[in-house]
Amino acid sequence: MRVPIDRDPFADRADTARPLWRDVFVWPARWIHPPEPPAPPLVVAYRCRVELPSARTVRLHVSADERYELFLDGARVGRGPERGDAANWFFETYDLDLSGGEHMLVARVWSLGPDLAPAAQVSVEHGLLVCPQEEELLESLATGTAPWECRVLEGYSFSVPSRAGLSGARVQIDGARCAWGVERGEGEGWVAAEAGPPGVDGEHSRYGVPGHGLKPAPLPPMLEEPRHAGRAVYVDEPACAETGEVRMTAENDLPEEHAAWTTLCRGEGAVTVPAASRRRALIDLEDYYCAYPEVLLSGGAGARVRVLWEEACYDAPRPGDGAKGQRDEFLGRYFHGLGDTFLPDGGERRRFEPLWWRAGRYVEIFVETAEEPLTLERFGLRETRYPLEMESEFEADDGRLNGIVPIMVRGLQMCSHETYMDCPFYEQLMYVGDTRLEVLATYAISRDKRLPRKAIRMFDASRIPEGLTACSYPSRGKALIAPFSLWWVAMLYDYAFWRDDLEFVRRMMPGARAVADYFLGCRNADGLVEAPRGWNYMDWVRDEEWHTGTPPDGQWGVSGMINWQFTLALTLLSELEDAVGEHELASRAGRLAGDQTDRCHEAFWDEERGLYTDTLDGRCASEHTQCLALLSDMLPQERAARVADALMSEPDLFRTTIYFSHYLLDALGHVGRMDAFFKRLEEWFALPEWGFKTTYEVSADSTRSDCHAWGAHPLWHYFATVLGIRPAAPGFRRVSIRPQMGPLRRARGRLPHPAGTIEVELQAEDGRVTGEVTLPDGVEGEFNASGRAKDLAPGHQQVG
């Protein structure tokens, strides 16, 4: 089983035979590889027989490049390594309870290379590293010392469909060439593996030496649970294998076969496809899944089984030409899909699965047989994701609020893996702008801080010398979205206040200061930020003034939006500096925020309209800029009121999409306009009518991603804005509760807190909010509603 550790396992290992400081942190194991490894893509099996005189627990530290599956006596015990970068190359630790006698340890390792691997997959060079903790086991188990053998596995071929985007290659597995039983170390062709460089502790590795900087995996193992889900909603006998060009119609449907395919998906029966025939079955999983599909096949030599995944069906034979429409509908539409192909060899009960998980709501199983019938004995899923569950509770008398909670939670879960992801179907990259909102939603439903902490840490590791973070990371490249670096500062601020871990925050502060200094270096002679490097994305606004998400004048000129975002980031930086005890630096950041506010007012204020424009010539304005100005808390009261009025009434503002609506909802709560707050939530209230199982990327009528967890941010607002529960001090050591219930008459919630749980139950009547509040031990705060303030003590109390 996996066990968590938080430091290098060999940091205390004394070795007087190697006195040089540079060698102190070298592991007692070496990376291994085949004697003459082919260029990627390649899949390699490694095996090691070990015999123990008696039962014992063996602790192993395991890593590989790019990915591995670890098997003990034929049973899978783990996958990895957790995604990172070369300087943060993670290893997993396993405690294996072994009986006395002989055991077979096998690792299947694959390296796809830069052309086929997901964009988020970093690589140094192919290899496997296994090291036991106990010194007496080094000779029998450590790679580079023990007699490890390897064989390059045939039967795998890879390709990247155009729609796969940055998520990597799909695989075809040829059963006639497969090494069946390799997970048990069976078969011929094994040769001695060659040793490469030693493993090196990533925290203290030799300066300037390239390689894998080993660090303990900071996350728990990913969920991997068997699921028998879904039902067959359509079955036909297509005339060709290119089913994406074949419209699904009631006339072609074979409803009499639905039950058999449904039984297959639920693990209750098999389906046999006759010789020389085709079948296509569309399976509605009835929810969104990230999973490893597994299909068990018997017979059918020369057949082809294709398992494709899709988020929804399209109304055109090319995805780019059509729309998705209502997501429950499929008749009259086309299924395109991304997935994998399996070629059975005629053997009995052959189990096929891809090397990486797939994502979507719909699965198409296409079977084309040759001269033999093929039996699908079983089709199942192994659902995988970060083990994030909803620990909080929220309920209100408006059932629409309650009804969309599962959709938002599912979207967040599907975008939470070894990193957060923008979307599981397409890119599978962790972007800063997406991740900040995903992290806030995580704080609203769970007290787990491990994935948020890793996200902050990895973005800090991505920073270029000038100070900016990469826009997405881990990644083979370092693309820049300069405004996202400002959101990373905000993410660090959120962590400092919503989680009690200021020592970690203190270690991240040099990065936050570097981001601010970069933007200070972008100021022109008028003191305004001008044309930061990279793609200055802010939101997916559809307008000719916006170019691929970049606001007016945001790429080459001076953007009011970006300047106000920088102002907001400086105010957050000032609070962060105070939180970590750097009061002089806090004063500096506060002074800079004040100066930036003055510059923004001089350059962008439109007195007649009572708002801030997006451009120096005043030709356009947006909700985005008004929200950022209000959230900076730098506006005088009268001016803030005018901006709030303009935000409500100005007809020509560029509107926020589902992503940036987080900042709109936050601003509306900030100025007490809950009527507009609840009206904007109507976009989410419509999700069930459209058939969504998760929140989308842009809009319901878009063909872009149907699963984008940045749209889960209302989960945070339920607690932080409606119930009004927010930190009043770093580490959430004090609580402020300022409910804004709008049209609600009743609302209650339980929010995970670093010290326990905050419970709030409120009623609103005749303009007065009353109720009950329970705070964890040692936590105090203030309740403020209906113009009344009340100090809060630990434990249960009446309020209002």
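**Exercise 1.** Classify D73 as buried, partly exposed or exposed, and describe its backbone.

Solution. In this predicted model, D73 has a relative accessibility of 41%. D73 is placed in the loop between β4 and β5. Its phi is positive, about 50°, although D73 is not a glycine. Most residues other than glycine have a negative phi.

**Exercise 2.** Carry out the classification for T548.

Solution. T548 sits in the loop between α8 (502-521) and α9. T548 is not a glycine, yet has a positive phi of about 45°. Exposed means over 50%; at 55% relative accessibility, T548 therefore counts as exposed.

**Exercise 3.** Find where the peptide bonds from D65 to E66 and from G80 to P81 lie, and state their geometry.

Solution. The bond from D65 to E66 is cis, with omega near 10°. E66 belongs to the loop between β3 (56-65) and β4 (67-72). The bond from G80 to P81 is cis, with omega near -10°, and P81 is in the loop between β5 (75-80) and β6 (89-98).

**Exercise 4.** Describe how α6 (residues 450-461) packs against α7 (residues 482-498).

Solution. Two packed helices are described by the angle between their axes and the distance between the axes. For α6 and α7 the angle is about 145° and the axes are 10 Å apart. The crossing of α6 past α7 is left-handed. From α6, R453, I456, F459 and D460 meet W488, M491, L492 and Y495 of α7. By class, this contact has 6 nonpolar, no polar and 2 charged residues.

**Exercise 5.** Decide whether H717 is buried or exposed, and list its contacts beyond four places in sequence.

Solution. H717 is in helix α17 (residues 714-722). Its relative accessible area is 1%, so H717 is buried. Leaving out residues up to four places away, H717 touches H662, L665, D666, F677 and V722.

Notes
Residues are numbered from 1 along each chain as its sequence is written. This is a predicted model: local features need pLDDT of at least 70, side-chain atom pairs count only at pLDDT 80 or more; totals for chains, interfaces and linings use all residues. Side-chain values use heavy atoms; hydrogens and water are left out. Axes are lines fitted to C-alpha atoms, for helices over the stretch in contact, and angles run from 0 to 180 degrees between N-to-C directions. Helices (H or I, at least four residues) and strands (E, at least two) are DSSP runs, numbered from the N terminus. A crossing is left-handed if the near helix is turned anticlockwise from the far one by less than a right angle, and right-handed if clockwise. Contact means heavy atoms within 4.5 Å. Ala, Val, Leu, Ile, Met, Phe, Trp, Tyr, Cys and Pro count as nonpolar, Asp, Glu, Lys and Arg as charged, and the others, Gly among them, as polar. Buried means under 20% relative accessible area, exposed over 50%, partly exposed in between (1.4 Å probe, protein chains only).
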